[in-house]
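Me: Got a model open and want a quick walk through it. Can we start with how the chains meet?

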Amino acid sequence: MIDIHCHLLPEVDDGPKSWDVAVEMCRMAAADGITHTVATPHASDRYAYDRAYLSGLLGELREKAGPILELSLGCDFHLSFENLERVLERPHTYTIGETNYLLIELSNYSVPTQLTDCFRRLGDRGLTPILTHPERNPILQQTPQRILEWAEQGCLIQVTASALTGLWGERPEIIARWLLDRSAVHILASDAHDTKHRVPNLSAARAVAEKIIGPEYADALVDVTDLCTALESKYGGYLDYCKRHAMLGGRFNAVPHTIVPNVYVVRNSYLKAAGTQHWPKTWEELRREGKKWKAAGHPIGQTVGHTFGDAVDFTYPYLWSFGAAERDEKGRVTIGSKQTLEALKFFKALWDDAMDPAGAGWDDSNNNRAFLSGAIAATNNAPSIYLTASNQVILDDNGDPLVNDIAHVSNPAGPAGVFHYHYTQQLAIPKYSKNVDAAKDFIRWLMEKDQLAKYLRRGQAYQAGALKMYMKDLMWDMFPALKPFRDHLLEMKNVGWKGEADVGAARVVQNYVLIDMLANVATGKMSPEESMKWAEGQLKSIYAG
Amino acid sequence: MEEKVRERAGKEVPHAGLPVAVEESAASSPGAIRTVRLSRRAVGLLERQDVLGYLLMLPAAFIIFSFIAYPFGWGVWMSLTNKEVGMPWSRVSFIGLRNYVHLWTTDGVFWNAVRNSFVYTGIATAVKWVLGIWLAVLLNRMVRFQRIVRAAVLLPWIIPTVLSTIAFLWIFDPDFSVINWTLRWFYTKLGWGYVKGPLWLGDPTLALMSVTFVNIWRGTPFYAISFLAGLQTIDPDLYEAAAIDGASGWQRFWHVTLPGIKPITVVVIVFSIIVTFSDFQIVYVLTRGGPANSTHLFATYAYQIAMVGTRLGLGAAVSLFMFPVLALVIIYQLVYLRRGQR
C-alpha cells in the first residue's frame, strides 16, 4: 500500500513533534503493510512551505528510519487565492515527488464557488488536482453532490482512511460511504499526524472499503454501466430498487430487465360470504377479518417455507411495514429491535388466527393450486394465479369462470406504512464469455422499447418493465384487472435495506434467514424473542463474513 | 490406434514365452501388421508379477485419484480458505480452521443439520434393516410369481430418486394429498365432519419423519435383495439339523438365518449408512431443508451455503464435518472384513 497523504516530517507543521515520533510513525506504517509514504507538510497561511529545507529533513528521516519505508515529498496544499497564484507559477514546488499530482485541501469555512474554474486552471498547467478529505469538510457535507461533479471533471478524490472506520464520527463516515457507493473515491490516505490519534494506518479502512465496493460476482461479471446509463438517458430512469439490485459501488453488474410484481390476490365471494365489506387496510384488520374466513374454511394462504419466491415476497414487506430493518444506513445489523419483536408477536397471532398452517411446508406453487381449488381466500402472489384462471378458463363451484371472482389488492399497512416486494430480474454477462460484445449488443437490442414493450405485452403483464416509463405503457389497459400490480410498483425497498443490496443481503435471502425467523414463530419452534435473537446472530455472522 | 498383445510360441527368441507387442499401424497402410520387439529388459520387467500388477492398476489408480482423491483434497483445501463463487484466486486466503470454528460455535442452523442427519440416518437404517430382512425371508419362501415380485420389489430403488420424490411431493401436499383425501373421505362417511389432515411437510417434526419415510421406501429394496442373496447362501442342511433338534421357527431365524447373513448385513448397513447420512435429493426436492430448518441434512445445508449462498469455503467445511463419522463407519467395515478373511 502507498500512503500519499501523511504529515510525517517533525516540527514543520501540526504533525509529529519530535524525530522519535516521526520514526515511530514510519515503523507503524511499515507494520501496517504500507511500503511507500509521501510526506506532505501543510502549505498554508499558518505554515510556510520550503521545498529545499523539507527535502533535507526527508533525507534525515530516511536515514533515521532505515529502509523499512520508501519516502517521497509532497505537500498538503491549502487552496487560497495567493497559494493558487504561487502554484500556477511554479507547480513542481508543491506536487507529489516529480509527478503532476497536487493534493488540495479546502478551507472549512468557505468553498469558493469558482472552484471548478480553479481546477480547470490547474489542469491547464498540466496538474491533476487531488481533493483531500472532502468528507470532513462541513460545507461539502451539506452538498456532497458537488464532490461528484468535480470527480466527473477529472479531479481525484482522496478520502481519509480513518473516516471510513468511524474515527471522525457519524457524518464523515456516511459521506465517505456515500462517495464509495458512487465510485467517487479514487484514493484512501491516512492523513496521519501522530502515533496516538491520527495514525498511519490504511489496512483497516481498506477492509471496510473492500466490503462496500467488493460486490458479489463483480469479479465474474462484465461491467455494463455504459449500457445501463445509455438506456437510462434514452428512456428515463429505472425504478429505484431495480437499480439497487443491479448495481453496487456505483457500477452496474447487470442490466435491470423486468419485475414480477406481487400483491394480494383474493376471492371476492369468500370475503363477502364471511361478511367482510372491503379488503382490510391494516394487518390488524386482516387478522380480524381473516379469522372469519378461516372459520369458514378459507384461510389466508402464505408460505414461510424454503422458497425464493412467495416466502420472500411476503416476509420482506411484512417486516418493513412494521419498521423492522436488517441494517441501518451504515450497515450495522438492526434486526434486534422493538419493531421486529412486534412484527413477530403479531405474526404468531395472525398465523394462528387467520392463516393456513400448511403454509409452513409450501413451495412457490402450492398457494396457486390452493387458491384455484378454493382452499384459501387470499394469498400474496404474482399475476400467475389470475393468468392461469383466465387462460385455462378455470371454473368455480358454481360453474362460473373463477377469474371473475378474483381481485388484486394492496398489502395491508403496518405501523410504518404499506410495502410490497417485487421480484427484480436482471441480465448479466459472465466475464468468461467469448462474445462479450455480441452479448452487449443483444441486450441493447432487447432492451429497446420496440422489443421490450412487445415482450411485456405478450407476457400478458406477468412482468413489468424495470424502466419507469413502462408504468405508463398501454399494456396496463390491455389487462385492466392487473392494474393494481402497477399501482403498487413503487412501494418497495431493496433487499438488505436500510443497507445496500450487497452480497450479504443476497446471502440473507439465500439462507432464508428472515423467512425462517417467521417460520420459527409460526411452527412454534421458538418464541418471538428467541427467534429474533436467532436471526440477529445469523445476520451478524453473514454480514461479518 | 489399437494395440494388441499376443502371446506367441516364442521360437525365434530363446527367452521363452515372450509377449510381443503387435501394432496395427493405421497411419501408413491399413491392416499391415508390424511386429515390435520389446527390449530384453522391458520384457524382464513385465514378467515380474509385482511390476505388471502395479502397471495394470495404474488406470484404476488414475481414476480414483482424479475423481475421488483430488476433489477430496481440493475440498479440504477449500474448507480452509475464504473462497467464494466468482472470487479471483488472488483474493482467496488461507484462514485455517475458522470455517469449522464458525460452524461449531456461531452458526445457528448447523447443529440442526447435525441432529437431523443423525435422526434421519438412525431411524431410516433401523427400519430399512428390519423391513429388509422381513421382505427377504418372505421372498425366499415365495414359490409362485417369484421373478415378477422380485422385480417389483426392486422398483423403488431403480426409479430415479428425484422422479419418485416428486410423486411424494404430491402425496404429501396438504390440500391434494391422497392420504389426506382418504382421511377426509372417511371422516365425512363416518359423520365426523371436516378434517384437514396432517401437515406432512408443514410441521417441523412431521416433515423430518416424512422425508425419513421416503428414504425408507426407497432404500428397503436394496436391503431386501441383498439379504435375499445372503439367504440363498445358507446351507439348507442347517435348517434341517435345527429342525431335528427341535428348534422353533423363531429360534431357527435367530440362530441360523441371522448369523448366516451377518457378513452381508454388515456390508449392506455400512453402505446404507454412508448414502443415507450424505443424502441430498429427497430433502432437497421435498422441503429444501425447511420448514424453519427442521429437515436440513449435512448435504442440503452444505449446498445451501456453498452453491446457493456462494460461500464455497464454508460449504466445504459443512460437508467435511461428515467425514469423521463416515470414516469411523468405513474403518469398522474394513476391520470386520479383515477379520472375516483370516
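**The interface and beyond**

Reply: The contact takes 27 residues from chain B and 28 residues from chain A. Two residues are in contact if their C-beta atoms, placed from the backbone, lie within 7 Å. This is a predicted model: local features need pLDDT of at least 70, side-chain atom pairs count only at pLDDT 80 or more, and totals for chains, interfaces and linings use all residues. Residues are numbered from 1 along each chain as its sequence is written, and chains are lettered from A and ligands numbered from 1 in the order in which they are written.

Me: Which helices of chain B each supply at least two residues of the side that touches chain A?

Reply: α8 and α13 (298-308) of chain B do. Helices (H or I, at least four residues) and strands (E, at least two) are DSSP runs, numbered from the N terminus.

Me: And that side of chain B by class?

Reply: Eleven nonpolar, twelve polar and four charged residues. Ala, Val, Leu, Ile, Met, Phe, Trp, Tyr, Cys and Pro count as nonpolar, Asp, Glu, Lys and Arg as charged, and the others, Gly among them, as polar.

Me: What ipTM does the predictor give the complex?

Reply: An ipTM of 0.76, with a pTM of 0.74.

Me: What does chain B average in pLDDT?

Reply: Chain B averages 86, and 88% of its residues score at least 70. pLDDT is the predictor's confidence in each residue, from 0 to 100.

Me: Where does pLDDT stay under 50 in chain B?

Reply: Over residues 1-28 of chain B, for which the model has 32 contacts beyond four places in sequence. Where pLDDT is low, the predicted coordinates should not be read in detail.

Me: New topic. How many helices and strands in chain B?

Reply: 15 helices and three strands.

Me: How do α4 and α8 of chain B cross?

Reply: The axes of α4 (residues 110-141) and α8 (residues 204-231) of chain B come within 6 Å and cross at roughly 40°. Axes are lines fitted to C-alpha atoms, for helices over the stretch in contact, and angles run from 0 to 180 degrees between N-to-C directions. So α4(B) is oblique to α8(B). The contact of α4(B) with α8(B) has 20 nonpolar, seven polar and one charged residues.

Me: Over to chain A. Where is A:I68?

Reply: A:I68 lies in the loop between α2 (51-65) and β4 (70-73) of chain A.

Me: What does A:I68 touch?

Reply: A:C26, A:R27 and A:A30, leaving out residues up to four places away in sequence.

Conventions: Angles under 35 degrees count as roughly parallel, over 145 as roughly antiparallel, 65 to 115 as roughly perpendicular and the rest as oblique.
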